[in-house]
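Hi,

Here is the structure I promised to pass on.

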Amino acid sequence: MSDSAFLSLEKLTLAYGDTVAVKDLDLSIQKGELVAFLGPSGCGKTTTMRSIAGLLKPKSGRIRLEGADITHVSANKRSVGLVFQSYALFPHLTVFENVAFGLRLKGISGAELEVRVVSGLNSVGLTKFANRKPAELSGGQQQRVALARSMVMEPKVLLLDEPLSNLDARLRLEMRTELQRVQRDTGVTMIFVTHDQGEALSLADRIVVMLNGAIEQIGTPEDIYNSPASAFVADFVGFENIFPIENGRLRAGNGPIELAGPLPHDAAGLAWRPRMLTLGSGPFQGTVRGASFSGSAREYLLDTPFGTLKAEVDAALPAHCAGAALAFDLPIEKAAKLKRFN
Amino acid sequence: MNPRLFSATVLFLVAAFLIGPFIIIVAASLSAGETLAFPPQGFSLKWVAKVFEVESFRESFAMSMLLAVGGTAAALTLGIPASYALSRYHLPFGEAVRTVVALPIIVPGIIVGLALLRYLVVPFNFNITLALFLAHTALVLPYSVRVVSASLNNLRSDIEEAAVLLGSSRAGAFFRVVMPNIRSGILAAFILGFVTSFNQVPVSLFLSGPGVRTLPIDMLSYMEITYDPSVAALSALLAFMSIGIVFLAERFLGFSRYV
């Protein structure tokens with residue numbers, strides 16, 4: 001672990017009873033970073049987040065924050081905030097009292113309390129709702145109360161569980177902007193959990209892709225999007241045509257694929273996004289099984305000797321009907337080179 | 001017969017069956033006669049006034065109140081933590097505990113009373129008031145667990161974690177965010193327990209001793225000796241008390257949501 005790590009997880013193993021959810025996880029996060037834990041449900045991302053919050057005791061391994069070992073520090077003394085997916089606002093308290101809750105426990109009262117709560121509410125634009133109960137607010141407003149409630153505590157790390165998944169498309173954009181602004185203004189280290197690659201790509205500085213309780217790949221959104229390390233990550237970020245390399249040859253379900261040119265010798269597989277296929281020319285022949293028009297693009301399902309492939313071209317190009325025969329190519333230079341095939 | 005007329009008749013008969021005795025009691029208590037009779041002979045409030053003069057009624061009323069308030073409070077003291085544990089944790093014998101707690105509803109009161117008398121009071125010379133108190137606590141416990149559990153199940157458990165992450169201890173989270181949100185459930189359980197305990201007869205019948213008697217038992221023994229309308233007057237007063245309590249509970253708590 002590097003010395004500059006603000007938050008580090010070292011050989012962290014987490015379990016529910018005998019079921020191991022996360023095994024030997026190593027991760028270090030810098031101060032002020034906005035990190036996404038991305039993965040399908042059951043991959044261990046939420047479990048890892050809960051252990052950082054102190055809500056789950058690790059079976060083994062360590063968690064360090066600013067160099068101090070906080071593995072056994074209880075959740076109420078960690079300076080780690082968590083915005084729950086369900087927001088978890090206290091239904092019997094007003095918005096003001098929800099935000100004041102943690103400050104009161106710190107012994108803050110009177111004018112200082114008032115100032116801090118109001119400025120917290122102000123930063124999420126909810127000052128005029130201070131006297132409402134949570135049930136009288138919309139989902140988006142409740143989430144902003146939850147955000148303010150955590151942020152007034154000035155946590156060292158703010159954790160967010162699926163922060164955008166309960167919001168509709170317009171609110172999502174608003175909340176995304178909000179979170180980025182809070183992060184920019186306060187410099188708080190943020191970690192959020194999501195199963196949505198779009199959310200992770202658009203919000204995070206760095207993405208930790210998880211699968212089966214282990215880290216599959218860590219990288220910037222560009223790294224993850226353009227250079228997935230494994231077939232799983234490739235599939236997760238939208239590469240739909242993925243083939244392993246076995247014995248130096250690219251392999252489809254029913255036999256080898258002979259590409260023009262040498263294969264990269266350090267790759268375990270190649271993956272193409274639908275956009276990366278060349279349609280209309282090339283050494284291979286396919287038949288259009290289905291076509292769809294999405295406004296900006298035309299998508300095709302092609303029956304080919306290598307199985308069904310997915311291709312996408314600009315909508316300005318002329319359409320092909322189902323049943324049409326098409327030449328196509330899988331250009332090696334465009335393919336993502338997978339280090340692992342799983 | 002026309003089905004509407006038929007159902008109206010059935011409805012009327014059921015209502016008459018349920019409310020009839022109450023009307024008869026109220027009417028009989030207002031009688032000017034010397035014996036309990038219906039229809040009442042004349043009109044007077046003297047039997048209502050007499051209720052407050054009978055000393056044993058005052059004493060047994062105090063005993064019944066003590067049992068109803070104290071027993072219900074004790075049952076809630078046990079029942080709230082039990083409900084919390086049953087609803088928040090996956091306990092190995094959770095279902096068994098739930099069943100055992102519900103037993104006093106299922107086992108006939110007369111058996112509970114006899115058992116306590118025969119195996120607790122008689123062999124150990126156990127204090128009868130204490131035995132009554134324990135019996136009433138046990139009888140009310142199932143209701144308090146059921147009603148409090150219902151309100152706990154309607155409450156998200158992640159608000160406790162949220163409170164902890166904001167600096168509260170686990171116990172603090174219970175008192176700061178769980179209790180305030182189940183308060184109306186607890187009040188509903190208290191009222192239900194109070195009424196159950198106050199109206200309890202079979203168990204209290206066995207656990208009576210010199211100077212230790214609950215009001216319903218005292219009324220029974222009073223009637224064996226004195227057959228005057230004052231028992232009817234007392235019954236009517238108690239019925240109005242119960243109606244008042246349930247009405248207020250429904251008005252302010254939406255009681256019917258819990259029971």
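Before the details, one term: two strands count as paired if DSSP finds at least two bridges between them. Keep in mind as well that this is a predicted model.

Strand β1 (residues 7-16) and strand β2 (residues 19-29) of chain A run antiparallel, and 7 bridges join them. One of the residues to look for is A:Tyr16, whose bridge partner in β2(A) is A:Thr19.

Now zoom out to chain A as a whole. I get 8 helices and 19 strands for its secondary structure. The C-alpha trace spans about 75 × 45 × 35 Å along its principal axes. Chain A has 342 residues, and 52% of them count as buried. If you take the contacts in chain A with a separation of 6 or more, 64% come from residues 24 or more positions apart.

As for the surface, the accessible area of chain A comes to about 15100 Å², and carbon and sulfur atoms hold 50% of that. On the charge side, chain A carries 37 positive and 36 negative side chains, with the centres of the two sets 5 Å apart.

Chain A is also split into two parts: domain 1 covers 7-230 and domain 2 covers 233-338. Their C-alpha centres lie 39 Å apart. Where the two meet, 14 residues of domain 1 are in contact with 10 residues of domain 2.

Finally, a residue I'd like you to click on: A:Phe84. You'll find A:Phe84 in the loop between β6 (80-83) and α2 (95-105) of chain A. Is A:Phe84 buried or exposed? Its relative accessible area is 7%, and buried means under 20%, so A:Phe84 is buried.

What does A:Phe84 touch, not counting residues up to four places away in sequence? In chain A the list holds A:Leu55 and A:Asp161, and from chain B come B:Asp158, B:Glu161, B:Ala162 and B:Leu165. For a sense of distance, A:Phe84 and A:Asn342 are 258 residues apart in sequence and 32 Å apart in space, C-alpha to C-alpha.

That's what I have so far. Enjoy looking around!

Cheers

Technical notes:
Residues are numbered from 1 along each chain as its sequence is written. Chains are lettered from A and ligands numbered from 1 in the order in which they are written. This is a predicted model: local features need pLDDT of at least 70, side-chain atom pairs count only at pLDDT 80 or more; totals for chains, interfaces and linings use all residues. Side-chain values use heavy atoms; hydrogens and water are left out. Helices (H or I, at least four residues) and strands (E, at least two) are DSSP runs, numbered from the N terminus. Buried means under 20% relative accessible area, exposed over 50%, partly exposed in between (1.4 Å probe, protein chains only). Contact means heavy atoms within 4.5 Å. Accessible areas come from the Shrake-Rupley method with a 1.4 Å probe; for residues, only the protein chains shown count as cover. Lys and Arg count as positive and Asp and Glu as negative; His and the chain ends are not counted. The place of a charge is taken as NZ of Lys, CZ of Arg, CG of Asp or CD of Glu. Domain bounds come from an automatic or database domain assignment.
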